[in-house]
Every structure is written in structure tokens, then in C-alpha cells.
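Hello,

Here is the structure for your files. My notes follow below it.

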Amino acid sequence: MSREFEMSMMGELQFFLGLQIRQTPQGTFVHQSKYTRDLLRKFEMADASPQMTPMSTSTALDADEDGKEVDQKVYPGMIGSLLYLTATRLDIQFAVGLCARFQLSPRESHRTAVKRILRYIKFTLEFGLWYSADSSLSLLGFSDSNHAGCRIDRKSTSGTCQFLGTSLVS
């Protein structure tokens, strides 16, 4: 590439678009712990007590038409910030996606669910993605679905993940 483009070596990559990258001979770790700390401060959750899970198994979010309305600007901001965090935090992807369904008319119950996710990421601040240097090049995929499981409109939910060796790639 240096024959075609003017390049300069500035050292090992450590930050890229909010992602923190730590490279070792064993592999590469990609995380967003600085972004997560900033996110917790932004939404005044830095001193909140941490949670061990992003969502309770008994939580069933719905439209909650009778619930108290919340700020129409803050809630989408929380969701957008959490969606960016899912680039390295696949453990919160389902919970954030579920809360994102209610951005047009957020209620207190939805904000409570988002705050639980924020309390969970405080507990798991250093989570990220590990890409091993010793990983094989075998491709493995998983999928799951829930037929008509949405309580609001009976839509189905599905998801997939693909691994290249032991590294999650999609």
C-alpha cells in the first residue's frame, strides 16, 4: 500500500471511531470501556448500583399506553448511544433492540428497562470482543428465532451470529 499511497507510521492502533484496540501476540481485544464510562456519566448513571444481567427474564415490555410519558429527546439519545455500544457488546444487543421498539412513545417502564441496561454495563465495563491469533479459519454459524413472540403485534424475532474460528465476525 505504501507504493500507491502516502503513509506514515504512527504506532500501533489504539483507538478507532470510539473503539479501543489492544493488540498482543495472542490476539486482538476490541472494547469500548472509555465510551461506556462517558455514556454512564452523560446519563447520570455513573454512581448507580450495578446489575448482573441486562434484563430480567420476567420482563415483558409492551406499549404501556397508560404509563407515564418520558422525555422524547433523552430516551432516543439513550437508545442511540446503547446501539453504538452494541458494536462490541453483543451481550446487550437483544435488550437494547427490545427497548428501541418504543422510541416513538417511550414510557417510564421503558426508561426503567434502559436504566437497567446501563447499570449492567457498569457491572461489565471491560467486556468486549476477543480475536485470537491462533484461531482456525473454519466458519460456524448459529441462529435462533421466536415465532410470533412479540406481545404487541405478534411479529417474530430472530437472530444469527457467525464465528470465524473462535472469533465472532457477525
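Buried means under 20% relative accessible area, exposed means over 50%, and partly exposed lies in between (1.4 Å probe, protein chains only). This is a predicted model: local features need pLDDT of at least 70, side-chain atom pairs count only at pLDDT 80 or more, and totals for chains, interfaces and linings use all residues. Residues are numbered from 1 along each chain as its sequence is written, and side-chain values use heavy atoms, without hydrogens and water.

Salt bridges

A salt bridge here is a side-chain nitrogen of Lys or Arg within 4 Å of a carboxyl oxygen of Asp or Glu. The count is 7.

- Arg111 pairs with Glu108, with the closest N and O atoms 2.6 Å apart. Glu108 is partly exposed, because its relative accessible area is 30%. Arg111 is partly exposed too, at 25%.
- Arg107 meets Glu65 at 3.8 Å, N to O. This pair links distant parts of the chain, 42 residues apart. Arg107 is buried at 6% relative accessibility, whereas Glu65 is exposed at 58%.
- Glu126 bridges to Arg37, also with 3.8 Å between the closest N and O atoms. These two sit 89 residues apart.
- Lys34, Asp38 and Arg41 are linked in a network of salt bridges.

Helix packing

Helices are DSSP runs (H or I, at least four residues), numbered from the N terminus; strands are E runs of at least two. The axes of H2 (residues 74-85) and H3 (residues 93-100) come within 10 Å and cross at roughly 155 degrees. Angles run from 0 to 180 degrees between N-to-C directions, with axes fitted to C-alpha atoms over the stretch in contact.

Best wishes
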